[in-house]
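Trainee: I would like to go through this structure with you. Could we begin with the terms and then turn to the strands, charges and rings?

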Amino acid sequence: MTKIANRNMKKTKKHPEITTRSISDLRDVLYQQESKDGKRIVYQVWRNQKAKDNLRYDITIIFPRLIGKELAKTYGHYHLNGESEWYEILNGQAIFLFQKPTDNYLKIKENYAVFAKRGDKVIVPLGYGMTMINRGRSELKVGNWIKNDVKNVYTPYKKMHGASYYCLKEENQIKFAPNPHYQKNGALKIVKPRIVPTPLRNLQFLVQPLKYKKLLTAESLFR
């Protein structure tokens with residue numbers, strides 16, 4: 001697999017547990033990189049809100065924005081070792097763009113756009129990268145559980161100018177545009193999250209993912 005570097009998101013000086021991303025911070029991954037109003041905040045991540053065993057609970061707030069034609073989103077990242085993650089929608093409406101590369105990050109073999117609403121739980125399948133999008137008119141607030149030592153890797157998204165698909169809003173309709181910087185995008189499947197399987201509800205899959213490997217697939221988690 002292509003070697004990738006870890007790039008940590010910067011933290012604000014006044015609040016070391018809060019990460020803030022503006023339009024300028026997202027410039028490299030936007031559909032329209034010339035978008036103006038660069039200081040406008042797109043999202044914030046509030047880390048370490050709760051702790052459990054070797055897990056931490058973060059909260060992400062994505063503001064309702066259009067950046068040109070594109071819906072407000074997170075930067076996009078992979079996990080260094082392909083780990084899973086648990087998300088729950090606390091407020092608003094989300095789209096999770098999941099992508100699974102071949103042994104080359106220029107080529108994507110599987111893509112899922114998971115439409116989720118308040119109360120839904122969304123689990124990241126093993127080996128997938130992800131971008132989170134606010135598809136509604138209110139703030140999107142999402143909580144997540146993740147193992148403390150998981151490292152986010154942003155370099156492939158920066159290099160490819162975003163996820164394999166861009167999520168746009170035109171004439172009040174959501175549309176997905178393939179990202180031309182990839183050599184292969186793969187088909188995009190529009191899905192919803194399944195009810196979380198009982199064995200995953202105690203979050204032990206975050207600590208011992210290989211033990212739950214058969215359940216941490218797109219087929220098991222989405223419908």
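Mentor: Let us start with pairing: two strands pair if DSSP finds at least two bridges between them. Helices (H or I, at least four residues) and strands (E, at least two) are DSSP runs, numbered from the N terminus. This is a predicted model, in which local features need pLDDT of at least 70 and side-chain atom pairs count only at pLDDT 80 or more, while totals for chains, interfaces and linings use all residues. Residues are numbered from 1 along each chain as its sequence is written, and side-chain values use heavy atoms, with hydrogens and water left out.

Trainee: Which residue of S11 stands opposite Leu97?

Mentor: Thr131 in S11 stands opposite Leu97. Strand S8 (residues 93-101) pairs with S11 in the antiparallel sense, over six bridges.

Trainee: In what order do the strands of that open sheet come?

Mentor: The order is S11-S8-S9-S16, four strands with mixed pairing. At the edges are strand S11 (129-134) and strand S16 (188-191), each of which pairs on one side only. Neighbouring strands of this sheet are turned by 20° against each other on average, direction ignored; axes are lines fitted to C-alpha atoms, for helices over the stretch in contact, and angles run from 0 to 180 degrees between N-to-C directions.

Trainee: Now S1. Why is strand S1 described as largely enclosed by the rest of the structure?

Mentor: Five of the five residues of strand S1 (residues 18-22) are buried, so the strand is largely enclosed by the rest of the structure. Buried means under 20% relative accessible area, exposed over 50%, and partly exposed in between (1.4 Å probe, protein chains only).

Trainee: Which way do the residues of S1 point?

Mentor: Ile18, Thr20 and Ser22 point one way from S1, whereas Thr19 and Arg21 point the other way. In a regular strand the side chains alternate between the two faces of the sheet.

Trainee: And what is the bridge partner of Arg21 in S2?

Mentor: The partner is Tyr43. S1 and strand S2 (residues 41-52) run antiparallel and are joined by five bridges. The charged end of Arg21 also sits over the ring of Tyr154, 5.7 Å from its centre. For that label, NZ of Lys or CZ of Arg must be within 6 Å of the ring centre and within 35 degrees of the ring normal.

Trainee: Which ring does Lys50 lie over?

Mentor: Lys50 lies over the face of Tyr57, at 4.3 Å from the ring centre.

Trainee: Moving to charges, how many salt bridges are there?

Mentor: The count comes to seven, where a salt bridge is a side-chain nitrogen of Lys or Arg within 4 Å of a carboxyl oxygen of Asp or Glu. One of them joins Asp58 and Arg47, with the closest N and O atoms 3.7 Å apart. Asp58 lies in strand S3 (residues 55-62) and Arg47 in strand S2, so the pair ties together parts that are eleven residues apart in sequence. Both Asp58 and Arg47 are buried.

Trainee: What links Glu170 and Lys69?

Mentor: Their side chains meet in a salt bridge (3.4 Å, N to O). Glu170 lies in strand S14 (residues 165-170) and Lys69 in the loop between strand S4 (66-67) and strand S5 (70-71), so the pair ties together parts that are 101 residues apart in sequence. Glu170 is partly exposed, at 23% relative accessible area, and Lys69 is partly exposed at 37%.

Trainee: Is Asp120 buried or exposed?

Mentor: Asp120 counts as buried, at 18% relative accessibility. Its salt-bridge partner is Lys117, with the closest N and O atoms 3.7 Å apart, and Lys117 is partly exposed at 49%. Elsewhere, salt bridges that share partners join Arg47, Arg56 and Asp58 into one network.

Trainee: Last topic, the rings. How many aromatic pairs does the structure hold?

Mentor: The structure holds eleven. Rings of Phe, Tyr and Trp (its six-membered ring) pair if their centres lie within 6.5 Å; planes under 30 degrees apart count as stacked, over 60 as edge-to-face and the rest as tilted. The rings of Phe96 and Phe98 have centres 5.9 Å apart and planes at 10°, so this pair is stacked. Phe96 is buried at 0% relative accessibility, as is Phe98 at 1%.

Trainee: Which residues form the aromatic cluster?

Mentor: Tyr87, Phe96, Phe98, Tyr112, Tyr128 and Phe222 form one aromatic cluster.
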